[in-house]
Amino acid sequence: MRVPLSVYLLFLAPTAALAFAFFLFRPWWPRGTHWPILASCAVVSAASIDLAAKAYTGWGMDAPLGVWMAIGNWDVYFGVRIDGVGSAVLAMVAVVGALIHVYAVGYMREDPGFSRFFLCFHLFYLAMIGMLVSNNFVQFYLFWEGVGLCSYLLIGFWTHKPAARGAALQAFVVNRVGDLAFLIAILILLKSYGDTRFKHVFEQMAYQGAPLLGLVGLLLFVAAASKSAQFPLYFWLPDAMEGPTPVSALMHAATMVTAGIFLLARSWPLISFIPDLPWLIAAVGAVTAVFAGALACFQTDLKRILAYSTVSHLGLMALALGLGRVGAAVLHLIMHGFFKAVLFLCAGNIAHGLGKSAADISEVGGLRRSMPFTLACFAAAAVSLAGVWPFAGFFSKDGIIEAAFDGGPVWTAFALAAASLGAFYISRMLFLVFFGPCAEQGAGPERKPGHPHEAPAQMGMPVAFLAMLALFAGLLAPGIGRLLASGALPEAESLVLAHFSWTVFAAGTAAAGLGFAAAYYLTMVRPGWDWEWRRGHPGLESLVRSDLGWRKVVSAVAALGWRLAEWVGGALDHRTLDGLIESSAPATVSVGGALSLKGGRLNDYLWWILAGTAALLGVALC
Amino acid sequence: MLTALWLVPAVGGILCLFAKGRTARYTSAAFAAAVLAYSVWLSVPYGAARGAWGIVEAGPSWIFGIRYHLAVDGLALSLVWLTALLTVVCVALSWRQDFSAGYWSSFMFLEAALMGVFLSRDLFVFYVFWEAVLIPMFFIIGLWGSDGRRHAAMKFFLFTFFGSLFMLVGLLALVTIHHATAGVWTWDMADLAGANPGGRMGLAVFISLVIGFGVKIPLFPLHTWLPDAHTEAPAAGSVMLAGVLLKMGIYGFLRVLIPVFPKLVWDLLPWLGGLACLNIIYGSLCAMQQKDLKRLIAYSSVAHLGFCLLGVLSWTPEGLAGGSLQMLNHGITTGALFMMVGFLYERTHCRGLSDFGELTGRAPWMTFFFGWAVMASVGLPGLNGFVGEFMSLAGMARAIPLMAFVAATGIVLSAAYSLPAYQTVFWASSGAGSASPKVSDLDAREKVLVWVLCGLMLYIGLCPTPLLTVLAPSVAAIVPYGFAP
């Protein structure tokens with residue numbers, strides 16, 4: 001099979017850029033590290049759009065490129081798979097990622113770790129790109145873990161902040177739990193089929209099955225849940241806000257959290273093959289969507305609100321996926337990438353304008369005058385997120401609500417609740433930050449508003465571009481729908497997008513309207529009321545702070561593990577086992593002393609020798 | 001041709017002893033480099049031979065069938081490379097230290113003895129070299145170690161000697177049993193292969209050999225010498241201990257236990273594999289609460305060697321190759337880690353986790369490379385550790401799946417012990433009385449050493465096939481003994 005140049009460029013450009021940046025720019029001109037990297041972003045974006053265009057016309061490829069590990073007839077290959085789903089997500093990731101790179105140049109300009117930041121950032125990008133075009137599970141795992149490593153390095157980028165270190169560690173370890181599940185799934189597949197190419201696995205699975213296939217599906221879901229922050233394993237994501245804002249934007253919009261959903265979409269033939277697993281995924285997704293959406297309403301840090309919002313949207317994607325609408329889930333993944341990137345970058349602009357690394361809604365307010373441009377972008381993304389027609393978020397959210405309608409009333413309730421909550425928290429944030437009189441936050445004269453100002457053009461332009469996408473990418477929805485279904489793996493019908501329905505439109509819009517109205521009432525009509533109420537109920541407040549107690553459970557489990565390690569390493573290994581061995585030497589000496597073995601008298605020794613020989617002879621003769 | 005591999009360093013060791021002052025260091029460097037060059041060159045005749053046993057060198061039979069018999073196959077060759085490479089690294093790494101001639105000559109003798117172990121095909125010769133390894137190592141720990149060196153050296157010697165005695169008795173019994181059934185005296189591994197001594201006597205011999213090799217691996221619960229020895233040894237000593245000496249145990253499994261006792265190994269697989277899993281989990285848990293950087297790495301070795309053993313026991317091509325490759329990987333990665341701890345110790349005379357902090361700005365290269373090696377050690381795909389672990393696990397998943405799944409938890413645990421330690425040393429803010437101000441970044445010599453090892457990590461991680469090709473004939477020769485599916 002002829003491999004198009006674009007495929008090679010996807011790997012070569014970032015690798016070469018990283019090598020140049022590391023070996024030439026970092027030592028000689030660290031402030032210019034971003035130049036080769038931005039060039040590589042441009043190349044990768046062009047290449048991925050080229051591939052998406054090719055895939056749109058029905059072209060696709062799935063071919064091994066080279067051997068990774070091989071012994072006897074056991075082998076694992078590097079390969080490339082380009083199909084509709086892969087290239088659609090690839091194009092989104094490449095373009096959104098590239099724009100965030102441009103933004104980061106402005107955001108990180110003053111940071112002493114500028115060049116380190118760009119190296120890690122681009123490696124992150126490379127890992128994500130590599131994952132999207134993998135054609136087998138082991139290679140997917142390689143880049144999957146690469147994404148995990150880069151997120152670790154970037155969340156903990158400001159190593160001097162204890163919270164950043166803790167969040168980085170937590171993210172990596174929680175992701176490793178998912179990686180463990182993924183690894184075991186791969187081991188089972190490898191054992192059953194001797195190969196992990198998606199195509200072969202799905203073909204062989206269809207006609208011969210496997211004993212542990214159900215477990216494989218479940219483990220893949222656990223892996224996806226840890227990466228894509230589904231309910232029990234979501235908690236690392238809000239904490240990951242400790243990294244610089246461009247990192248959050250990249251993680252939430254383009255890389256990292258989309259990886260889990262993509263894994264599920266990729267292995268959908270396998271997942272749907274297992275009875276009840278899609279149902280479980282939908283249930284977990286529904287719970288996550290509503291749970292995180294509700295928590296987002298209580299957050300005060302700008303980035304934390306957005307983080308919980310991401311968790312909620314990932315829940316919606318999982319819900320759609322579980323209900324068999326892979327196409328809707330992937331479409332939402334793409335649209336979410338657009339508007340979430342804008343929201344994060346706007347939050348970054350606000351914090352940047354205030355001269356801080358993070359901003360709290362109790363500290364900012366009434367920014368509409370000083371930051372009108374940011375307001376415009378933020379509002380565009382907010383209406384998109386809320387699912388208002390005719391903006392991008394509407395088209396994908398509509399598909400999910402439609403899937404829930406088909407699924408049944410319970411799913412519908414969850415989907416609409418999540419939609420409503422989404423509209424609520426995002427408009428609450430919009431009102432408080434840009435319109436609110438800043439009085440309701442209750443902060444006194446000690447509040448320091450700084451001198452809010454617009455960010456420089458370099459940071460503004462990418463945001464504007466992304467905001468256009470968040471507004472108008474809906475026009476692309478039919479095209480994306482066609483792209484998704486081309487060159488698909490088996491069960492392509494799950495990728496076809498649903499048709500427009502007035503019922504769904506009405507329900508979705510009503511849900512969004514409800515959230516919007518509630519937010520308007522709470523922030524503009526009766527400002528400060530909810531803050532008063534929350535101060536009056538400290539018990540509820542602390543419950544919300546600990547995510548309804550789940551965070552306490554997690555830290556208790558971690559503490560338990562730590563105690564176990566302390567017991568094993570201290571009491572068991574050091575004191576008992578090694579203590580026993582260490583005491584054998586003094587014990588020998590004292591036994592020898594007691595038996596007068598060390599008196600130095602030759603006669604004693606001779607007697608012992610005689611006794612020993614006699615004993616041995618006795619044994620030998622018996 | 002093979003004799004040179006152990007004779008040259010031995011001669012070098014003797015010359016070092018007579019050399020004055022700095023010349024000892026140059027002598028050892030010259031000899032170590034020569035051995036490395038020669039061992040790399042060996043791949044040419046080895047490749048030309050195209051057999052499992054590429055190069056053979058055998059003398060006439062002596063009493064009781066003992067025969068000087070050396071041979072090299074892919075497995076032995078890869079370990080010869082590892083030994084030669086790490087010896088060069090050790091010499092270069094101690095370059096600035098003002099050690100007496102004995103230090104340099106000890107490393108030469110150590111290399112000689114290790115080469116002998118990996119090349120011997122005769123069990124008697126094997127045993128002689130095996131014991132010879134102890135002597136230079138005893139001196140390296142006992143004379144040039146840190147504060148608790150005497151105790152650690154004594155413990156190391158007694159412990160491993162205790163294991164060796166079991167091994168000696170086991171080997172004697174094995175040869176005697178074979179004589180009783182086959183009627184010939186032979187110590188040759190090739191002749192003893194497939195002997196399968198059965199009954200209670202066979203089991204007793206098997207267990208004593210497991211103890212003999214298990215002490216070296218080290219297999220739980222025979223591992224407690226290791227943290228002390230690794231911690232107290234000088235940096236180069238730790239590199240050799242972790243990098244090469246531990247592999248002798250796995251090598252014993254591959255060369256003696258599996259070929260000679262295939263049936264027992266297969267029957268006892270749940271037990272041995274269980275011990276390997278226990279090594280992984282227990283070693284990781286112990287590592288998690290260590291306060292001393294060297295002890296932490298030492299316990300992580302216990303865990304990593306569990307992966308090697310697991311792969312080897314799986315008796316599948318990918319498992320055997322993965323386990324063997326993991327021996328090299330662990331040698332390179334842990335070697336690099338111990339080396340960098342050595343650099344820190346050289347500058348500050350501290351090893352405690354909390355003695356450091358805030359090194360990102362002060363020593364960026366060290367932070368970078370240490371992080372790199374830590375990532376290789378936690379098995380990040382793309383670096384070498386993953387390839388070995390993954391192939392070992394893939395092999396075990398075919399033999400006893402549950403065991404592979406249990407062992408796989410090692411990847412979570414390894415992150416849980418390595419990264420907090422890394423963060424404490426390099427990222428965290430330094431506390432009062434911190435040694436960090438004394439830390440300077442890597443100099444050119446140190447950087448070259450680390451680049452070589454870290455480059456190998458990346459190369460093996462992405463392109464392990466050349467090494468796997470070298471290992472393939474040895475693996476193919478072991479698989480037929482197997483009862484595996």
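Helices, here of at least four residues, are DSSP runs numbered from the N terminus. The views below show a predicted model.

**Figure 1. Overall build of chain B.** Chain B holds 21 helices and two strands. Its radius of gyration is 21 Å, close to the 23 Å that the globule rule gives for 485 residues, so chain B is as compact as a globular protein of that length. Along the principal axes, the C-alpha atoms of chain B fill a box of roughly 70 × 55 × 45 Å. Of the 485 residues in this chain, 64% count as buried. Among the contacts in chain B between residues at least 6 apart in sequence, 80% join residues at least 24 apart.

**Figure 2. The hairpin of β1(B) and β2(B).** Strand β1 (residues 55-61) and strand β2 (residues 67-72) of chain B run antiparallel and are joined by five bridges. B:Ala58 has B:His69, in β2(B), as its bridge partner. Five residues lie between the strands of this hairpin, in which B:Phe64 takes a positive phi near 50 degrees.

Figure 3. Most peptide bonds are trans. B:Ile217 and B:Pro218, however, are joined by a cis peptide bond, with omega about -5 degrees. B:Pro218 is placed in the loop between α9 (199-216) and α10 (225-232) of chain B. A cis peptide bond also joins B:Phe220 and B:Pro221, with an omega of about 0 degrees. B:Pro221 lies in the loop between α9 and α10 of chain B.

**Figure 4. B:Asn196, a non-glycine residue with positive phi.** Most residues other than glycine have a negative phi. B:Asn196 is not a glycine, yet its phi is positive, at about 50 degrees. The residue is found in the loop between α8 (189-192) and α9 of chain B. With 16 other C-beta atoms within 10 Å, B:Asn196 is partly exposed.

**Figure 5. B:Glu358, a buried non-glycine residue with positive phi****.** B:Glu358 has a positive phi of about 55 degrees although it is not a glycine. Its place is in the loop between α15 (317-348) and α16 (364-377) of chain B. B:Glu358 has 20 other C-beta atoms within 10 Å and is therefore buried, the cut-off being 20 or more.

**Figure 6. Residues 439-448 of chain A.** Over residues 439-448 of chain A, pLDDT stays under 50, and the model has 13 contacts beyond four places in sequence for them. For chain A the mean pLDDT is 86, and 94% of its residues reach 70 or more.

Methods
Residues numbered from 1 in each chain as written. Chains lettered and ligands numbered in written order. Predicted model: local features only at pLDDT ≥ 70, side-chain atom pairs only at ≥ 80, totals over all residues. Rg over C-alpha atoms; globule rule 2.2 N^0.38 Å. Buried ≥ 20, exposed ≤ 12 C-beta atoms within 10 Å, placed from the backbone. Contact = placed C-beta atoms within 7 Å. pLDDT = per-residue confidence, 0-100. Pairing = 2+ DSSP bridges.
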